[in-house]
Amino acid sequence: MANVAKKVSWSGRDRDDDEDGRAGETTPLLNGTGPGAAGSGRQLTPSSFLRIGQLSNVDLNEDIHELETEVPRQRPNEIPHNEKLLSLKYESLDYDNSENQLFLEEERRINHAAFRTVEIKRWVICAMIGILTGLVACFIDIVVENLAGLKYRVVKDNIDKFTAKGGLSFSLLLWATLNASVVMVGSLIVAFIEPVAAGSGIPQIKCYLNGVKIPHVVRLKTLVIKVCGVILSVVGGLAVGKEGPMIHSGSVIAAGISQGRSTSLKRDFKIFEYFRRDTEKRDFVSAGAAAGVSAAFGAPVGGVLFSLEEGASFWNQFLTWRIFFASMISTFTLNSVLSVYHGNAWDLSSPGLINFGRFDSEKMGYTIQEIPIFIFMGVVGGILGALFNALNYWLTMFRIRYIHRPCLQVVEAMLVAAVTATVGFVMIYCSRDCQPIQGSSVAYPLQLFCADGEYNSMATAFFNTPEKSVVNLFHDPPGSYNPMTLGMFTLMYFFLACWTYGLTVSAGVFIPSLLIGAAWGRLFGISLSYLTKGSIWADPGKYALMGAAAQLGGIVRMTLSLTVIMMEATGNVTYGFPIMLVLMTAKIVGDYFVEGLYDMHIQLQSVPFLHWEAPVTSHSLTAREVMSTPVTCLRRIERVGTVVDILSDTSSNHNGFPVVESNPDTTQVAGLRGLILRSQLIVLLKHKVFVERANLNLVQRRLKLKDFRDAYPRFPPIQSIHVSQDERECMIDLSEFMNPSPYTVPQEASLPRVFKLFRALGLRHLVVVDNRNEVVGMVTRKDLARYRLGKEGLEELSLAQT
Amino acid sequence: MAPPWCPCRALLPALALALLGLAAAAGPRQTPALELAQELAEELWGAGLPGDLPELEPECRSLLAAFAEGSAALTGCLGRRARPVRLCQGCHDHYRRLLAQYGSIARAVGNSSESHNCAKSILTSDRLQIVVTLSEFFNETWEAANCANCLKNNSEGLSNSTEEFLDLFNKSLTCFEHNLQGQGIDLSPNNYTEVCKNCNETYTKLNDLYNHLQRMNRQGGESEHSAHLCIDVEDAMNITRKLWSRTFNCSLPCSDTVPVIAVSSFILFLPIVFYLSSFLHSKQKKRILILPKRIQSNANLVNIQEKYS
């Protein structure tokens, strides 16, 4: 757990402590006090395993003995990183409301009208999410356009100069150095300031919406680093796009706005306090992700479907409608601001960061005969996508194992940038494919060794931002590229993009995939029209589009949302059918070999990700085998010292504790009464809600739900809470704060059943009880996520400290 | 007339024409139809319209004739100057005249109601609307050629920069010709060094001027449409460039392949070094396994474990 060790802004040494003014309060709490304090009603921690037989206050004796025999064999051992691990770093989000007395009281106080205001606030927040996401997208677009334009002009002038005089190697050096230095800055900020901003951010958001708390993923700092990182890596000429990161940016914006405050800036606007919990925040984050997609591709419906497909496991039609609203606002904002920026204010012609351009001419139509051809392209896309993923898998594994130091990561990113420039330069240098400059819309025509008035056709592909290259491949008239150029370009770009994804820079994989696909698709179209002696329907642009869809589908394996995104980006509904077929084929073929890029990266990060359903062959497993046991329980009225000791035990970093009936007889396990969370306990300790103090009338006011919300989402670590020796002897009454109705399952419930309950309700803790309602175990996300359907049937992942 | 009448006014002549046509085809035997047409014509006359509808008014007819002649002249001019392209230089007078003629048909000149009528009967009274089609064609051609770009603002004559460019263009052509003649005609295609040497100055000047014009144009024009220079200039430059670099093979850039290969292979070599060294020297990241607290007595799980390990 990363944030335990960190200094947190609000320290425990505050007003309450000072008021008390006790002498002994500074006595530091030692972590090692756990075993000594191991009292009644609880057994815990691997360290106390060896003595568990003596405690013997659970009636599972035979199992415990077996456990005991296994202990010597399972010494904590070190293994190299692999994909069959679950990291302890990741925790669940609390999507399930803790329905304690405070909550019920507050809900009772809110009347009908107040609920309506809450509803209106939700809409206001969605509108703001849309607007801000659109504005961020505009900012990225404009800055990238200008900086990249500047870079390409400088390099072009340099190349033009040296073409005449000789010394092109200097141009190469200039280009490579420019790229490497820009990428260095982009990589530095990511590697040293916020590593979670690396990559496209889609896996992280997927995990977040799945219910995994990725540290720092929705912080303002992450947003800033992400935006700057994207700009720098695109300007640095890497084979990346700025579309994927928009989804992450949108999510961060949504998470920030819905909370009405920024913990990083230490500003609290005192608004939207009702939404300060994981459940509400998740809904807004899914709206933010949708707004991000919508701004990136000009695809509002695609954005909504993306949220539906990739993220939100919990869905209702009002939420969908709100998310759609946010998406629409986002694309409209981007569109209007960019139109003003481009000088034609009321034109509204740029709905997304990338526009595929118009596909509505006569030649762009397709006929039924072409559909088998499209399906074949889907197969090719699936195979190439699987190859891409497999290569990237090995590369990522190597990176995790060997290139884990930030400075090495920065050096790697710089090298990739330099090599990308070099490969581009060499390709352009060697290409003899010259096209007349007249009537073409090339932004930076590079003449090099072409005749005057002509430009190097390879340069339109390499010497340009990837977005522009994609559009060129879709729309340049037939004959703009010769097959050799396209073939070489596809080959080179494939490896470059594969190499680039997973670097410590923030960058997306959408555009490179589209570009690879568009290149081979166009090549395919050209060869097709060559084979059919120039039939009218073999327009290469159309095949470039299908190739792009196939390649992207083969890499990311999205289905519904990607179809709609592509459809909206092309603005042509009739393409829906062939695109769907292509994506379907690509997914089926690709899934035969390896899984999608995002899922693969989630797995490599050892995230306990819950898929839609339990593994198919897991029916034989029951809750008894799945659960963790023994469970650390608290009594309803518990000693403060015990609570503090449990919380500060680093070896068992539990977050939820079943509350059992306080029973004076310590040898007997009492029935389950409720569930309390670590965060709640910490707030209670901080405010010193002790029975003795209440009796002495030392407590000024009753604790309200607001006190818990104010601490959300960064609850202070237990180390920052100081409890004096005297206070340790006090008692704490949990009955008011615990969730009195936690979800439970009997031991005999099968894994799929447990899984369904867990996944559908978004639980974090599921208590396993026996028939006397006594706690026998606890099922958490990691217990369920460790079962995975591998190549040889059901596999079990091991937990690891990362 | 009152505005609500307008659609009817547009319809009435058409109706009358149709009826008259019917009457003419049917011959004199169909007296009731003829009478009907005459009645209608009288009615129209009463509504302030001329009676002899099938006939074009004399003024209109002369306008039409002028337009026909003008368009014939312009078509001829365009056709004759298609290759090498000299459209804008040679035909801008014709075009301007045609524009004026079309304007006088369309616009109200003299007696307002009559000429309005003239415009209507020439331009919009049939499905084909040949005059409109013709004038649209010419306009589109002119736009596509982007001739406005090298004409003066009032489109009388070529602009100064264009004149300058054409001057230089002629000069370079003369230079080419001159030098080629000096060398004799049947030379091997690679042996144009004389031309390259002697005309380099003119050619460079021409090229620079063209690039300059292009840059100016791109800065001045807001929309993408005016990104092109006019077709005459573009074509002239194209011809020259093609002669220069394809036929004469003059623009031989020095290709320094060796340093480029050296530098690029150096850069391409770096990642290999990087990965190898990090593989050999960097400490492999190890994960510490945590043993889970579980009951491990079930046969199923043992099965899984076996498979797993």
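**Terms and their grounds**

Mentor: Let us begin with one residue: E454(A) lies in strand β8 of chain A, which covers residues 454-456. Please bear in mind that this is a predicted model.

Trainee: Why is E454(A) called buried?

Mentor: E454(A) has a relative accessible area of 13%. The term buried applies under 20%, so E454(A), at 13%, is called buried.

Trainee: How far apart are E454(A) and F737(A) in sequence and in space?

Mentor: They are separated by 283 residues in sequence and by 76 Å in space, C-alpha to C-alpha.

Trainee: Turning to chain B, how many helices and strands are there?

Mentor: Chain B has 11 helices and 1 strand. Along the sequence, their order is α-α-α-α-α-α-α-α-α-α-β-α. Of its 309 residues, 32% count as buried. Among the contacts in chain B that join residues at least 6 apart in sequence, 67% are between residues at least 24 apart.

Trainee: Into which domains is chain B divided?

Mentor: The assignment gives domain 1, residues 56-145, and domain 2, residues 160-247. Each domain of chain B contributes 9 residues to the contact between them.

Trainee: What makes R83(B) and D235(B) a salt bridge?

Mentor: The closest N and O atoms of R83(B) and D235(B) are 3.1 Å apart. The cut-off for a side-chain nitrogen of Arg and a carboxyl oxygen of Asp is 4 Å; 3.1 Å is within 4 Å, and therefore the pair is called a salt bridge. Across the interface of domain 1 and domain 2 of chain B, the rule finds 1 salt bridge. Between these two domains there are also 5 residue pairs in polar contact.

Trainee: Which elements supply at least two residues each to the side of domain 1 of chain B that touches domain 2 of chain B?

Mentor: They are α4 (87-106) and α6 (130-145) of chain B. The most comes from α4(B), with 3 residues. By class, that side of domain 1 of chain B holds 5 nonpolar, 1 polar and 3 charged residues.

Trainee: What area is buried between domain 1 and domain 2 of chain B?

Mentor: About 720 Å² is buried there, and carbon and sulfur atoms give 50% of it. On the side of domain 1 of chain B, V85(B), Q89(B) and A145(B) lose the most area to domain 2 of chain B, together 49% of what that side buries.

Trainee: What is the corresponding area between chain B and chain A?

Mentor: Between chain B and chain A about 6,000 Å² is buried, with carbon and sulfur atoms giving 60%. R287(B), K293(B) and R294(B) supply 15% of the area that chain B buries against chain A, more than any other three residues. The contact takes 51 residues from chain B and 77 residues from chain A.

Trainee: How many salt bridges and polar contacts are counted between chain B and chain A?

Mentor: The count is 0 salt bridges, while 7 residue pairs are in polar contact. On the side of chain B that touches chain A, two or more residues come from each of α8 (193-220), α9 (231-247), α10 (257-281), β1 (286-290) and α11 (299-308) of chain B. The largest share, 13 residues, belongs to α10(B). By class, this side of chain B has 24 nonpolar, 16 polar and 11 charged residues.

How values were computed. Residues are numbered from 1 along each chain as its sequence is written. Chains are lettered from A and ligands numbered from 1 in the order in which they are written. This is a predicted model: local features need pLDDT of at least 70, side-chain atom pairs count only at pLDDT 80 or more; totals for chains, interfaces and linings use all residues. Side-chain values use heavy atoms; hydrogens and water are left out. Domain bounds come from an automatic or database domain assignment. Contact means heavy atoms within 4.5 Å. Buried area is the accessible area (1.4 Å probe) that two parts lose on being put together, summed over both. A polar contact is a pair of N or O atoms within 3.5 Å; within protein, one must be able to donate a hydrogen and the other to accept it, and residues adjacent in sequence count only if both atoms are side-chain atoms. Helices (H or I, at least four residues) and strands (E, at least two) are DSSP runs, numbered from the N terminus. Ala, Val, Leu, Ile, Met, Phe, Trp, Tyr, Cys and Pro count as nonpolar, Asp, Glu, Lys and Arg as charged, and the others, Gly among them, as polar. Buried means under 20% relative accessible area, exposed over 50%, partly exposed in between (1.4 Å probe, protein chains only).
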